[in-house]
Amino acid sequence: MSKAVFQLFVVFVVFSGIVYLLLMIGPDQPVSSPGERDITIPRSPAEAKNLVNPIPVSDQVLLEGERIYQTKGTCFTCHGTSGRGDGPAGMELNPRPRNFTNPRFHELRTDGEMFWVIRNGSPGTRMFSYSPSVITEDEAWKVIHFLRMFPTKSVG
């Protein structure tokens, strides 16, 4: 019995030592660095690019879009109240939620592409379909008008 206990002890010590070394050495680089996904890669099919926002922009539409973003749509929980992708739930996600304050993103993506993502989700992220399950299609288009305002807002 003592030989078996000694062998188990040796196996335990060796196993513990290997685990300790792996924890101390760690990977050379993080498995996946936190940050939003590459803005230059579309998340929607090519045909989505041509969808046109049917809601004309106005001050009223922008206010409604902001209200939906900050309440019913729950967009702020991941994208943050300022649109930077720094909402309380978003900080735990990898990749991080889109930063809508980046003007380059708005240059690259059409309203149709953004609508497609709201409607279908974004593959490879935690962004799921919000329309029509959470917000209506008209509300989604209004939110898109509001999102377009983030790069022009002074955010502190």
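A: The lining of the largest pocket divides into 19 nonpolar, 7 polar and 7 charged residues; Ala, Val, Leu, Ile, Met, Phe, Trp, Tyr, Cys and Pro count as nonpolar, Asp, Glu, Lys and Arg as charged, and the others, Gly among them, as polar. This is a predicted model, in which local features need pLDDT of at least 70 and side-chain atom pairs count only at pLDDT 80 or more, while totals for chains, interfaces and linings use all residues. Residues are numbered from 1 along each chain as its sequence is written, and side-chain values use heavy atoms, with hydrogens and water left out.

The pocket holds about 600 Å³ of space. A pocket here is an open set of points on a 1 Å grid over the protein atoms alone, where a 1.4 Å probe fits, with protein on both sides within 12 Å along at least five of seven lines; lining residues have an atom within 4 Å of a point. Grid points are joined across faces, edges and corners, and the volume is the space filled by probe spheres set on the points. Of the 33 lining residues, H79, R98, F100, V117 and M127 lie nearest the centre of the largest pocket.

α3 (76-79), α5 and α6 each supply at least two residues of this lining, and α5 gives the largest share, 4 residues. Helices are DSSP runs (H or I, at least four residues), numbered from the N terminus, and strands are runs of E, at least two. The chain has 6 helices and 0 strands.

α5 is largely enclosed by the rest of the structure, because 7 of its 10 residues are buried, where buried means under 20% relative accessible area, exposed over 50% and partly exposed in between (1.4 Å probe, protein chains only). These buried residues are D111, G112, E113, M114, F115, V117 and I118, and they pack against α4 and α6. After α5 comes G121, with a positive phi near 85 degrees.

α6 (137-147) is mostly covered, with 9 of its 11 residues buried; W141, H145 and F146 are among them. The buried residues of α6 pack against α2 (59-70), α4 and α5.

R109, in the loop between α4 (103-108) and α5, is buried at a relative accessible area of 10%. Leaving out residues up to four places away in sequence, R109 touches I39, T40, I41, P42, K49, M114 and R148, contact meaning heavy atoms within 4.5 Å. T125, in the loop between α5 (111-120) and α6, is partly exposed at 26%. The T125 side chain has a polar atom 2.7 Å from the backbone oxygen of S122.

On confidence, the chain averages a pLDDT of 85, and 80% of the residues score at least 70; pLDDT is the predictor's confidence in each residue, from 0 to 100. Over residues 26-33 the pLDDT is below 50. Where pLDDT is low, the predicted coordinates should not be read in detail.

Definitions and conventions
Polar contact = N/O pair within 3.5 Å; in protein donor to acceptor, adjacent residues only side chain to side chain.
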